[in-house]
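Notebook open, structure loaded. I want to look at one helix and then at the aromatic rings.

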Amino acid sequence: GNIGDQAMVEAFVASVSGPVLIITRRAGDVREMPQELAERATVVVMPGLLYGLPWQHLRDLQRLAPPLRGALSFSVVGADIMDGAYWESPSVRRFRLARFAAELGVDSRVLGFSWNDAPSPAARREMVRASRALDLLARDPKSVSRLIADGGERVVPVADIALLTEPRPITEIGVEGWCAEQRSEGRRIVLLNANGLIEASSGLVDTYEALINSPVGS
């Protein structure tokens, strides 16, 4: 649902061969991908799989089972959402789905993710169970040590898969020329790492604008 998750998805599709089935909660959760990736990716919406009521979860689990049995691998985009800090139930279900796939004989893993020092009890229990059957790919040393301390077994240190995303050219939108023009006129350029999900509920653009326009040192 955010640009970091999108980067992980694109990097994964680019790094494997063959068709990829992407399961999302909402149709808009995966934005338009580069054409060469979109040709191999199919987005399937299963709103109840992670966030639904028990009967909705079971309904979507039944829908997932047939393609899963024929899959070469199953991967959960872990990112920041595995330790239950945002929402415990979906974190638990992610681990359970990965373990369910592994038990069907599918090569399964949780892609590069973080793990805080106070995970929810249920997420921790499911992490331990899942780690006996599949690889947990932790994207920073702190998370590696925390997962192991919490009982994780197959913990693998990795770099963030989003770093494999191919850079997209910016020449056609004139960014380089615009930056050169601003600098020649003595203006400063401020680069912000903004989050569209936060902006949707908080209106941070106005705050950023006020900060940028405030006198230096104020």
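What do the buried residues of H7 pack against? I'm working from a predicted model here. I found strand S4 (107-113), helix H6 (121-131), strand S5 (135-138) and strand S6 (155-157) as the packing partners.

Next I looked up which residues those are. H7 covers residues 141-149, and Ser143, Val144 and Leu147 are its buried ones. Looking down the axis of H7, I see them fall within an arc of 105 degrees, so they line one face of the helix. On the face turned away from that buried side I noted Pro141, Lys142 and Ala149, which are exposed.

Then I checked both ends of H7. At the start, a side-chain oxygen of Asp140 comes to within 3.2 Å of the backbone nitrogen of Lys142. Just after the helix, I found Gly151 with a positive phi of about 105 degrees.

On to the rings. I get 3 aromatic pairs in the structure. One of them is Phe95 with Trp115, edge-to-face, 6.1 Å centre to centre with 75 degrees between the planes. This pair ties together distant parts of the chain: Phe95 is in helix H5 (residues 88-103) and Trp115 in the loop between S4 and H6, 20 residues apart. Both Phe95 and Trp115 are buried.

Trp115 also pairs edge-to-face with Phe113, at 6.4 Å centre to centre and 85 degrees between the planes. I checked Phe113 too, and it is buried, as is Trp115. So I'm logging Phe95, Phe113 and Trp115 as one aromatic cluster.

Last entry: the charged end of Arg25 sits over the ring of Tyr51, 4.0 Å from the ring centre.

Note on methods
Residues numbered from 1 in each chain as written. Predicted model: local features only at pLDDT ≥ 70, side-chain atom pairs only at ≥ 80, totals over all residues. Heavy atoms only, no water. Buried < 20%, exposed > 50% of the residue type's maximum accessible area, 1.4 Å probe, protein only. Helix = DSSP H or I, 4+ residues; strand = E, 2+ residues; numbered from the N terminus. Arc of directions from axis to C-beta. Contact = heavy atoms within 4.5 Å. Polar contact = N/O pair within 3.5 Å; in protein donor to acceptor, adjacent residues only side chain to side chain. Phe/Tyr/Trp six-rings, centres within 6.5 Å; stacked < 30°, edge-to-face > 60°. Lys NZ or Arg CZ within 6 Å of the ring centre and 35° of its normal.
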